[in-house]
Amino acid sequence: MKEPSQPRGSGGMRQQAGGNALQGPGARRPQGKGAPGDKGGLGGKGPGLSGPVRPILRRLLRYMRPHTAILTGVVLAALATSAIELSPPWIIRLSVDRFILERQTARIWWAAGGLLLLSLVQGGIDFLRLYVTAYTGQRIVFGIRNEVFEHLSRLSFSFYDRARTGDLMSRVTADIDVLSNFFGRAAVIMLTNILILLGMLGVLIAWDWRLGLLFLALLPLIALGMWAYARQVQPAWRRVRRQLAALTDALQESLAGILVVKLFGRERFEVKRTSQRSERLLQANLQSARISSLWMPYPNVLMGVATGLVLWVAGRGVIGGVLSLGALIGFTTYVQMLLRPIRQTGMMLNVVVQSLAAAERVFEVLDTQPEVQDAPGAYPLPSIEGRVRFEGVSFAYGGGPGDAEALRDVDLEAAPGEMIALVGPSGAGKTTLVHLLPRFYDAQKGQITIDGHDITQVTVQSLREAIGIALQTVFLFDASIGENIAYGNPRATQREIEWAAGVVQMHGFIQSLPMGYGTPVGERGVRLSGGQKQRIALARVLLTDPRILIMDEPTSSVDAETERLMQQALQDVRVGRTTFVIAHRLWTVQQADQILFLRDGQVVERACSTAERSAHEALLAAGGDYQHMVTLQFQAETLTAREPAWLEGGTQ
Ligand code: ADP
């Protein structure tokens, strides 16, 4: 594809009423089971994770597999620090029973020094462990982000027709960011804490099996609390992610359409719309904060009860002489130490639940299959002459049985080097017709061939390399003019770039700029006029030297004088290329080898140029729709003296 045209609806106003926050209006859920096709857009679901949690978790963990070695190291380090963490109560017990009660002052110094040393070692290992985990997490997330972005670039137009830019942006940025917490902290911290809890259990059972059992009885209570918490907070986090995406979407739309907003003085409306979304996000965040706050004191209460129980059971044991005082102190220290891993696990559980909600949204993008993709056994389109044939081609945008056909039974044959002008009222299907050729969409019926090669049987990339397309909606990147021209052919030399700019009558202008071809275009090309942007887009296409050229002729952006110069140049450029032009100008139709007049998706009139008379003359003589349009629709233009040739041509 040489000139990316903007998919419809990517920046336009969309109604939200009654729509799902994740779906564009009218988005259809993919039919049947299996991966959704990209024409379905992204699905939206009710509160709570829609599918079972385990497959998502398993899939997330799969991303950690390539880093198994490093993560094993991290877990071993976690084991080491867990062991160190378990040692202070043991040292305290030893100190109380053996050193303090027996007044061994020098040994207490050793014990205190040992504790200090251990905490230093623990600090060092922890630093390394946390950094390596965060590093690995960031690498994984980097990989996922690239994977999603690459996948997005493979999805077809039909996906973008329905997807909402802001929503997609939030999936690629905010949602994936959440995952960095999962990979970078949560997974390893949870594992470490589980190890610590099990370690404590082992030590306590070894010390005194009754106290060990008491501790064991606490574990189900801890697990139960966490399970209840996760269940409640899960839908809340999902709502937060959805509202965040909706807010991003509203913001993106307002900013992209700022010109229209200001033009109609709708700033207040936009501010209100955005703040409504913001309010919904606030409410969603508050709800999850409420749930979290409700559950946060739970471990404290549990620990209070446990400490009381320990004091009661162990205190009686000490009085009865079955338990040492040191064991009692060591035990209560362990119970206090429990608080941190439980708390941390609770917090990490939060992260895991958030990550599951985010991952579901990310995987939804990754699972969307491009509707247009290489057929099995697709081969690259060999070098072509440019004979294009449409045979009985029908196409409906929705693709479903009830969807209106944008094209119906279209037949056409273009010989190599011919120029085919497509004319007809707006909405007739002209753009749709030219979009089918590079397979922006696939026809539901009929066949399109280039030099006899069925376009669905060749690789999409080779097909698009053979076709250059310059549409009216021009997108320029935030780069220099030279880079924008060379976008489709980054290997183009400066001379070639200047040649293309010369053809579209831009070379002189670009050279007159202080930075010449290095002049930045600015975001969305704001520093250039509409006509200049269109000409740059055309130069971009010319530079790729396509065999087949598709153009939506500029209607108003280029002034008459420039257009005349461009027409002359294009006359030279189209030699040897099959050219399809959505024609708006008399000059073009006069030059055309064929004219197809479309109405309601059908070719209702057509003519080919012969030695005797041009297609234009033939159609005028036929006195049908074409002639009618010529006299009515273009009369006004003729009267402005912009193209005095029109009427003369029309009455020839
Ligand atoms: P033209 O280029 O002749 O103005 P189009 O090919 O753009 O006409 O449109 C033909 C028909 O298809 C119109 O009814 C239009 O509303 C519809 N259409 C065009 N693009 C889309 C799209 N992306 N999704 C759904 N319908 C579309």
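Which residue in β4 does E391 stand opposite? The legends below describe close-up views of a predicted model.

**View 1. Strands β1 and β4 run antiparallel.** E391 stands opposite Q447 in β4. Strand β1 covers residues 388-396 and strand β4 covers residues 445-450. The two are joined by 5 bridges.

**View 2. Strands β2, β1, β4 and β5 form an open sheet, in that order.** The sheet has 4 strands, and the pairing is antiparallel. Its edge strands are β2 (405-414) and β5 (453-454), each of which pairs on one side only. Strands of a sheet pair through backbone hydrogen bonds, either parallel or antiparallel.

**View 3. Strand β7 pairs with both β6 and β8.** Strand β6 (residues 467-470) pairs with β7 in the parallel sense, over 4 bridges. The pairing of β7 with strand β8 (residues 578-582) is also parallel, and has 5 bridges. M551 in β7 stands opposite A470. In β8, V581 is the bridge partner of M551.

**View 4. Both faces of strand β7 are covered.** In a regular strand the side chains alternate between the two faces of the sheet. On one side of β7 lie I548, I550 and D552, and on the other lie L549 and M551. These residues are all buried, where buried means under 20% relative accessible area. Because 5 of the 5 residues of β7 (residues 548-552) are buried, the strand is largely enclosed by the rest of the structure.

Notes. Residues numbered from 1 in each chain as written. Predicted model: local features only at pLDDT ≥ 70, side-chain atom pairs only at ≥ 80, totals over all residues. Heavy atoms only, no water. Buried < 20%, exposed > 50% of the residue type's maximum accessible area, 1.4 Å probe, protein only. Pairing = 2+ DSSP bridges.
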